[in-house]
Amino acid sequence: MVSSPPPTRVKICGLSTEATLTAALEAGADWIGLVHFPRSPRHVALAEAAALSALARGRAERVVLLVDPDDALVAASVEAVDPDLVQLHGRESPERVAAIRARTGRPVMKALGIATSADLAALPAYAAIADRILLDAKAPPDAALPGGNGLRFDWEILRGAALPPGTMLSGGLDATNVADALARTGLGAVDVSSGVETAPGVKDPAKIAAFVAAARGGR
């Protein structure tokens, strides 16, 4: 008998209200992402992130997303949010990722921007350090944000690539294309933010539920 693959794991990122956090939890999200980056429309202050994290405790893994944080911000974020995972979404070097992982004692996920197959060359160095890799669409040179731009990259780039276990796919995903993305890449984890919004930073409970259902039915 051929065993079926495990269900796709889903992260809903950029949650900022109790109502949408509850929607993500009720939909069965595996991770909830809290963005602490003032330039983002999904930014939440650490006090707000702490309250939302407390609501999700024991129901989903809690992720705090930081962009090129200094040591003080790393410490403050971990103390406030008590995350299960620290997501680094800036230009952190492998050495910086290792230092943050050691300093916090928390698993670390490193996001890598992908536009062409050449961008995968950086993957081994990070995969040797980070607990999980997230492949996101590389932001355009003039973009204000390193992620959450609603862009996707050519998933065919990943065909035949040696990706570490647990690699997560992000970038331009929504309920209409996530099953195709999973089929093309063979990955088992996805991350969505703008694809479940009605406007930047405004999550929609119905879109969250539809995305999780589509992702779970896509393998």
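At what angle do the axes of helix H6 (residues 178-185) and helix H7 (residues 205-216) cross?

## Crossing of two helices

In this predicted model, the axes of H6 (residues 178-185) and H7 (residues 205-216) cross at roughly 30° and come within 8 Å. Because angles under 35 degrees count as roughly parallel, H6 is described as roughly parallel to H7. The crossing of these helices is right-handed.

## Residues in the helix contact

Helix H6 contributes Val178, Ala179 and Leu182 to the contact, and helix H7 contributes Phe211, Ala214 and Ala215. Sorted by class, the contact of H6 with H7 has six nonpolar residues, with no polar and no charged residues.

Strand S6 spans residues 132-137 and is mostly covered. Six of its six residues are buried.

Strand S6 pairs with strand S5 (residues 108-114). The two strands run parallel and are joined by six bridges. One of the pairings links Leu112 with its bridge partner Leu135 in S6.

Strand S6 also pairs with strand S7 (residues 168-169). This pairing is in the parallel sense as well, over two bridges. Here Leu134 has Met168 of S7 as its bridge partner.

## Summary

Helices H6 and H7 meet in a right-handed crossing, through a contact of six nonpolar residues. Strand S6, with six of its six residues buried, is joined in parallel to S5 and to S7.

Methods
Residues are numbered from 1 along each chain as its sequence is written. This is a predicted model: local features need pLDDT of at least 70, side-chain atom pairs count only at pLDDT 80 or more; totals for chains, interfaces and linings use all residues. Side-chain values use heavy atoms; hydrogens and water are left out. Axes are lines fitted to C-alpha atoms, for helices over the stretch in contact, and angles run from 0 to 180 degrees between N-to-C directions. Helices (H or I, at least four residues) and strands (E, at least two) are DSSP runs, numbered from the N terminus. Angles under 35 degrees count as roughly parallel, over 145 as roughly antiparallel, 65 to 115 as roughly perpendicular and the rest as oblique. A crossing is left-handed if the near helix is turned anticlockwise from the far one by less than a right angle, and right-handed if clockwise. Contact means heavy atoms within 4.5 Å. Ala, Val, Leu, Ile, Met, Phe, Trp, Tyr, Cys and Pro count as nonpolar, Asp, Glu, Lys and Arg as charged, and the others, Gly among them, as polar. Buried means under 20% relative accessible area, exposed over 50%, partly exposed in between (1.4 Å probe, protein chains only). Two strands pair if DSSP finds at least two bridges between them.
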